[in-house]
Amino acid sequence: MFKNLSHLKTYEAGKPIELVVREFGIKPSEIIKLASNENPYGPSPKVIEAVRKEAKNMHRYPDDSFFELKDGLSREFDVESKNIIIGAGSDQVLEFVVHAVKPNKVLMAGITFAMYEIYSNQVGAKIIKTSSKEHNLDEFREIYKKEKPEIIFLCVPNNPLGECLDSKDVFEFLDEIKEDTLVVVDGAYQEFASFKDKNKTINPKDILKYKNVLYTGTFSKAYGLGGMRVGYGIANEWIIKNLHKLRPPFNITTLSLKAAIEALKDKEWVKRGIENNFKEMQKYIDFAKKYNLNYIESYTNFIVLYIRESTKIANELLKRGIIVRDMASYGFDALRITIGKPQENDKVLKVLEELI
Ligand SMILES: *Cc1c(COP(=O)(O)O)cnc(C)c1O
């Protein structure tokens with residue numbers, strides 16, 4: 001039994017607050033968690049109020065057609081409901097796609113979102129990564145022609161590095177890919193990228209014309225609903241119909257559904273969160289410049305700072321209740337720090353100043 005799983009590893013999420021509380025005896029309220037790219041401000045208060053009211057319905061299954069949520073998304077992106085699939089996080093949509101295609105080979109950037117590899121391993125696919133860490137489309141092209149992978153993952157912007165392809169280059173690339181290769185354009189941070197630079201904006205509507213492209217988005221980042229687990233895929237009707245064959249019924253909860261519907265309505269809240277994100281990110285950039293640290297220009301809600309002995313520094317931060325992501329496991333010394341609230345960032349930078 002389970003022999004077909006023996007080559008798989010269990011995914012380890014960023015350290016939860018509870019672990020730091022137990023290990024270092026720090027009060028939960030004093031812990032600064034900047035390791036999972038969550039939205040530090042949370043969702044709009046209107047969302048919380050709506051979920052509170054909805055709680056009395058938790059004995060009811062959600063509307064499995066997700067009519068209202070798809071309606072909101074179709075208005076948001078000017079697509080039709082039949083072009084949308086809802087997932088328990090966009091992670092689940094990625095899972096659907098990999099299991100639907102059951103690829104022999106997949107292609108992705110040298111360093112990119114870990115779940116692409118994890119789901120692909122589940123179906124025994126060969127994982128091909130570009131030698132460039134960041135997205136280098138010329139290298140993608142070269143490998144595509146040689147290897148003919150059935151799935152190509154583009155993370156635009158890229159987690160965990162933060163860089164972002166220009167949308168013009170993405171569409172040029174999509175034009176060159178034949179229909180027997182599915183391209184996934186992961187837009188988990190598109191709201192941030194699009195705010196910072198319009199050249200990065202990818203309208204999901206524009207990918208509908210491709211027979212073989214799926215766009216994924218999430219409520220976990222800009223909308224502040226990571227704990228609710230709601231994401232979506234947008235593509236032509238044929239792709240979406242096929243993905244639906246793998247979707248379990250009621251795959252998001254009654255409360256998650258309510259939260260996502262309401263979150264779409266409070267645009268002002270989301271915009272303010274994104275504005276604060278880049279305002280606060282500037283503190284890290286100023287810090288890097290002051291201390292001559294390299295950093296990756298970021299179009300997301302996190303920033304990668306190159307710091308020597310990053311593992312040691314990450315552990316020292318942890319002892320002080322600050323959780324960030326050490327990049328040493330990717331083969332280079334750096335920290336990925338999610339942009340927090342103003343006081344959190346000030347504290348992190350003060351401690352970092354002492355440590356480096
Ligand atoms: C966070 C993230 C997702 C999906 O998160 P969900 O919470 O599952 O919606 C997808 N792709 C990337 C690159 C991410 O960083």
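A nitrogen atom of the ligand sits 2.6 Å from an N or O atom in the side chain of aspartate 186, a polar contact in the sense of a pair of N or O atoms within 3.5 Å (within protein, one must be able to donate a hydrogen and the other to accept it, and residues adjacent in sequence count only if both atoms are side-chain atoms). Arginine 229 comes in at 2.6 Å too, this time from a side-chain N or O atom to an oxygen atom of the ligand. For asparagine 159, the distance from a side-chain N or O atom to a ligand oxygen is 2.8 Å. On its own the ligand has 380 Å² of accessible area, and the protein covers 94% of that; the areas come from the Shrake-Rupley method with a 1.4 Å probe, and for residues only the protein chains shown count as cover.

All of this refers to a predicted model, in which local features need pLDDT of at least 70, side-chain atom pairs count only at pLDDT 80 or more, and totals for chains, interfaces and linings use all residues. Residues are numbered from 1 along each chain as its sequence is written, and side-chain values use heavy atoms, with hydrogens and water left out.

Zooming out from the individual contacts, 13 residues surround the ligand, and the closest are Asp186, Thr218, Ser220, Lys221 and Arg229; to be near, a residue needs one of its heavy atoms within 4 Å of the molecule or strand in question. Sorted by class, that shell holds 4 nonpolar, 5 polar and 4 charged residues. Here Ala, Val, Leu, Ile, Met, Phe, Trp, Tyr, Cys and Pro count as nonpolar, Asp, Glu, Lys and Arg as charged, and the others, Gly among them, as polar.

Another cis peptide bond, with omega about 0 degrees, joins valine 156 and proline 157. Proline 157 is in the loop between strand 5 (151–155) and helix 7 (167–176), and proline 160 is found in the loop between strand 5 and helix 7 as well. Helices (H or I, at least four residues) and strands (E, at least two) are DSSP runs, numbered from the N terminus.

Positive phi values turn up at a couple of non-glycine residues. Asparagine 292 has phi near 60 degrees and belongs to the loop between helix 11 (267–290) and strand 9 (302–306). Its relative accessibility is 72%, so asparagine 292 counts as exposed; the cut-offs are under 20% relative accessible area for buried, over 50% for exposed and partly exposed in between (1.4 Å probe, protein chains only). Glutamate 309 has phi near 50 degrees and lies in the loop between strand 9 and helix 12. With 49% relative accessibility, glutamate 309 is classed as partly exposed.

Salt bridges, taken as a side-chain nitrogen of Lys or Arg within 4 Å of a carboxyl oxygen of Asp or Glu, come to 25. One of them pairs lysine 129 with glutamate 117, their closest N and O atoms being 2.8 Å apart. That pair links distant parts of the chain, with lysine 129 in strand 4 (residues 126–129) and glutamate 117 in helix 5 (residues 114–122), 12 residues apart. Both partners are partly exposed, lysine 129 at 37% relative accessible area and glutamate 117 at 27%.

Other pairs stay within a helix. Lysine 319 bridges to glutamate 316 at 3.2 Å between the closest N and O atoms; the two are 3 residues apart in helix 12 (residues 310–319), so about one helical turn separates them. Lysine 319 is partly exposed at 48%, and glutamate 316 is partly exposed at 22%. Elsewhere, salt bridges with shared partners join Glu80, Lys82, Glu237 and Lys241 into one network. Within that group, lysine 241 and glutamate 237 have their closest N and O atoms 4.0 Å apart. Both residues lie in helix 9 (residues 237–244), 4 residues apart, about one turn of the helix. Lysine 241 is exposed at 55%, while glutamate 237 is partly exposed at 33%.

Finally, Met1, Phe2 and Leu5 form a nonpolar surface patch with about 410 Å² of accessible area together. Patches are made of residues with over 30% relative accessible area and no salt bridge, like charges being joined within 9 Å and nonpolar side chains (Val, Leu, Ile, Met, Phe, Trp, Tyr) within 5 Å. Methionine 1 belongs to the segment before helix 1 (17–24) and is exposed, at 86% relative accessible area.
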